Amino acid sequence: MAIDWTNASGGIEVAVAATAQEFIDALRPSNSHWWEGASCPWVFRGHAYEEWQLLPSAWRPSNTILNNSITEATRRFDAVQPTQNLNWFWHPNYWSGSAAFGPRDAELSRFLTIQTTAEYLPVWDFISRCDELGMPVPMTNLGPDPTTNPDWLADPHNPIFGDEFLRFSDLPAALALAQHHGIPTRLLDWTRDPMAAAFFAVEPLRVANAGAHLVVWALHKSHAQRVSVEGVSFPNAPNGAPRFDPTIAVVRPSTRDNPFLAAQAGLFTTISRSGIYFMKSGGKRPGIAEFVSEANPAITVLRKLRLAHEHLADLIEILRRENISRSALMPTMDNVAQDVRTKWTQQEVMD
């Protein structure tokens, strides 16, 4: 029986699978509802709990690494006390003029610089240490030297520009590598393989929780990049552009130095012009579903497929038979060992 997709809100459709087999059948890459002509424009992401937001790790308020990094970035900002301007420019010779957002501009621009700096610091540590040990990293700029620049801040004089990570051509690949090794970043992982997404939905679970649902989200790549929310105008915007709007960006870095990315058929999303969104929203960082709902597009951007936890054991068994495992998606001996440990400690799920 075909899954029935219903429109939950602008741009988002939802379906409920009655069984684990129906869930898997709906997710199969060959299923016609994922195809447009000869191409599949959808990518996928699994969550163990429906309540989890489509929010990248660096933007989650509970992330201990980022909270500690924010403390350090705050110390630096207060030590340097930089002068800040809310200008937008993409080229050293282009001057946009300053934008005004509201009465909290000074407070929010300070925190935007702090938060942006805090995102950089663990990534710089990771990239620099890998390079010191002779490991390949996809960057030529290894970040500021903490011994000569202990109070470095990310573009403190222009916090909106400083927050635009995608202006660096090699930074997305570095963020992707750091993300796959547990460093929090603003990139949100997706996969072109819906079975991998189903695995990542069950992988954190050891027991089924009564009344809970796991989900696989699907994102339409081309539709997502056409979604935007209202931004801000700058006095000298180029080519007569009325304003600069935050949008969803789909990021697909090279897999050359990232075998996990290749094994998972991975790519990422983030918010372009997120500093503008931050200033306009009073300091919020949006999840993708929240962003789409706010934009309220007429086209379908997201789909969410739900399955009750009561079917967890059946789903785990189906994925085992399909040979979808942690070691298949992240091939290391440690992960092979993790799969073996999981097999022999998962009896409470299977009973």
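Salt bridges and surroundings

Modeller: Let us begin with Glu322, which is partly exposed at a relative accessible area of 32%. Buried means under 20% relative accessible area and exposed over 50%, with partly exposed in between (1.4 Å probe, protein chains only). Please note that this is a predicted model, in which local features need pLDDT of at least 70 and side-chain atom pairs count only at pLDDT 80 or more, while totals for chains, interfaces and linings use all residues. Residues are numbered from 1 along each chain as its sequence is written, and side-chain values use heavy atoms, leaving out hydrogens and water.

Colleague: Which side chain does Glu322 meet in a salt bridge?

Modeller: The partner of Glu322 is Arg28, at 2.9 Å from N to O. Arg28 lies in the loop between helix H1 (20–27) and strand E3, and Glu322 in the loop between helices H11 (312–321) and H12 (326–329), so the pair ties together parts that are 294 residues apart in sequence. Helices (H or I, at least four residues) and strands (E, at least two) are DSSP runs, numbered from the N terminus. A salt bridge is a side-chain nitrogen of Lys or Arg within 4 Å of a carboxyl oxygen of Asp or Glu. Arg28 is partly exposed too, with a relative accessible area of 26%.

Colleague: How many salt bridges does the structure hold?

Modeller: It holds 20 salt bridges. One of them joins Arg129 and Glu132 at 3.2 Å, N to O. These two are three residues apart in helix H3, which means that about one helical turn separates them. Glu132 counts as exposed, at 57% relative accessibility. There is also a network of salt bridges that links Glu72, Arg75, Arg76 and Asp151.

Colleague: What is the length of H3?

Modeller: H3 (residues 105–132) has 28 residues, and its first and last C-alpha atoms are 40 Å apart, close to the 40 Å expected at 1.5 Å a residue. The expected span is 1.5 Å times one less than the number of residues. After H3 comes Gly134, whose phi is positive, near 80°.

Colleague: New topic: is Arg45 buried or exposed?

Modeller: Arg45, in strand E3 (residues 42–47), is buried yet has no salt bridge. Its nearest side chain of opposite charge is that of Asp189, 4.2 Å away; Lys and Arg count as positive and Asp and Glu as negative, with His and the chain ends not counted.

Colleague: What does Arg45 touch?

Modeller: Not counting residues up to four places away in sequence, Arg45 touches several residues, among them Asp189, Trp190 and Trp217. Contact means heavy atoms within 4.5 Å.

Colleague: And which residues are in contact with Ile160?

Modeller: Leaving aside neighbours within four places in sequence, the contacts of Ile160 include Leu86, Trp88, Phe101 and Met279. Ile160 lies in helix H4 (residues 159–162) and counts as buried because its relative accessibility is 0%.

Colleague: Lastly, which strands pair with E2?

Modeller: Strand E1 (residues 6–9) pairs with E2 in the antiparallel sense over three bridges, and strand E8 (residues 302–308) runs parallel to E2, joined by five bridges. Two strands pair if DSSP finds at least two bridges between them. E1 and E2 form a hairpin with two residues between them, and Gly11 in the turn has a positive phi of about 85°. E2 (residues 12–16) is mostly covered, with four of its five residues buried. The bridge partner of Glu13 in E8 is Arg303.
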